Amino acid sequence: MRLDFAGYHNESKGDLAVRRMTPQELLELGGVTDRSSTRSNAILSVYTNRDRMSTRGVEISFARRMGEIWGINAAYTLSFPRATSSNPQEYILTFGRQTFFDPVTGQRGVQPPPRVLSPIDYDRTHELNVQLSFRVPDDLFPARSRADVILSDLTGYATFTFSSGQPYT
C-alpha cells in the first residue's frame, strides 16, 4: 500500500496580455521625448508581458494491490489557481474598450488593467481519478489448458474521473 501527500505553490509572472496604450504612454515606452503625440494620435492595442498567476494546492494519491487479482489507484487534487486574467485578450475585450474622460483635468485615457488576482475561467478546484485493475493470476488454470492459453496474462481496467469546473481547452 502506498499513500502520498504533496503540496505545491507556483507563481508565474510575465504572461502574455493585450494592453491599450495612449500615444503618450507609447512614446514614453519608446523613449521619445521630443514629441507629445503620434501620427494617428489613436489609442493602440499592444501585446505585453504583464499578467500574473498563482496556483496553490494539495494532491493525495493512494495505491494498493489486493492479492494477485485486484488493485486500486486513486488520486485527489485540490487546487486554487488565481490570475489577473484567464485569457490574454480578456482585458482588451472588456475593460480595455472603455475609455474615460476626466472633466476636471480634461485628460482622456483607458481603464487600467486588473492588478488583483482572481479565480480563472478554467479553474478545476477538485479532481478525482480512480483506477481499478483486474488481472487473471498465472496459476488459476491448469498449465497448457485451453483456458490457460486464452486467459493467461489477461488484464482489465476501469477508470473513473471527476472534475469540477471547465478544462483549459
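User: Hi! Quick one to start: in E3, what is the bridge partner of Ser61?

Analyst: Hello! The partner is Ala75 in E3. Bear in mind that this is a predicted model.

User: Noted. How many bridges join E2 to strand E3, and which way do they run?

Analyst: There are 14 bridges between E2 and strand E3 (residues 70–83), and the two run antiparallel.

User: What about the hairpin of E2 and E3, how many residues sit between the strands?

Analyst: The hairpin has 3 residues between its strands, and Gly67 takes a positive phi there, near 75 degrees.

User: And on the E1 side, how many bridges join strand E1 to strand E2?

Analyst: Strand E1 (residues 2–21) and strand E2 (residues 44–66) are joined by 19 bridges, again with an antiparallel run. As one place to look, Arg20 stands opposite Ser45 in E2.

User: Let me zoom in on Thr55. Where does it lie, and is it buried or exposed?

Analyst: Thr55 belongs to strand E2. Its relative accessible area is 18%, under the 20% limit, so Thr55 counts as buried.

User: Which residues is Thr55 in contact with, leaving aside its neighbours within four places in sequence?

Analyst: Thr55 touches Tyr8, His9, Asn10, Phe80 and Pro81.

User: Nice. Switching to the surface: which residues form the nonpolar patch?

Analyst: Leu3, Phe5, Val58 and Ile60 make it up, and together they have about 350 Å² of accessible area. E1 and E2 each supply at least two residues of this patch.

User: Take Val58 from that group. Which strand is it in, and what is its relative accessible area?

Analyst: Val58 is placed in strand E2. Its relative accessible area is 30%, so Val58 is partly exposed.

User: Now charges. How many salt bridges does a search of the whole structure find?

Analyst: The search turns up 1 salt bridge. It is formed by the side chains of Arg2 and Asp4, at 3.0 Å from N to O.

User: What's the relative accessibility of Arg2 and of Asp4?

Analyst: Arg2 has 44%, so it counts as partly exposed. Asp4 is at 33%, which makes it partly exposed too.

User: How many aromatic pairs are there?

Analyst: The count is 1 aromatic pair. The rings belong to Trp70 and Phe134, with their centres 5.2 Å apart.

User: Why is the pair called tilted?

Analyst: The planes of the two rings stand at 55 degrees. Planes under 30 degrees apart would be stacked and those over 60 edge-to-face, so this pair falls in the tilted class.

User: And which parts does the pair tie together?

Analyst: Trp70 lies in strand E3 and Phe134 in strand E7 (residues 126–135), so the pair ties together parts that are 64 residues apart in sequence.

User: Stepping back, how many helices and strands are in the protein?

Analyst: The protein has 3 helices and 8 strands. Along the sequence they follow the pattern β-α-β-β-α-β-β-β-β-α-β.

Methods: Residues are numbered from 1 along each chain as its sequence is written. This is a predicted model: local features need pLDDT of at least 70, side-chain atom pairs count only at pLDDT 80 or more; totals for chains, interfaces and linings use all residues. Side-chain values use heavy atoms; hydrogens and water are left out. Two strands pair if DSSP finds at least two bridges between them. Helices (H or I, at least four residues) and strands (E, at least two) are DSSP runs, numbered from the N terminus. Rings of Phe, Tyr and Trp (its six-membered ring) pair if their centres lie within 6.5 Å; planes under 30 degrees apart count as stacked, over 60 as edge-to-face and the rest as tilted. Patches are made of residues with over 30% relative accessible area and no salt bridge: like charges are joined within 9 Å, nonpolar side chains (Val, Leu, Ile, Met, Phe, Trp, Tyr) within 5 Å. Accessible areas come from the Shrake-Rupley method with a 1.4 Å probe; for residues, only the protein chains shown count as cover. A salt bridge is a side-chain nitrogen of Lys or Arg within 4 Å of a carboxyl oxygen of Asp or Glu. Buried means under 20% relative accessible area, exposed over 50%, partly exposed in between (1.4 Å probe, protein chains only). Contact means heavy atoms within 4.5 Å.
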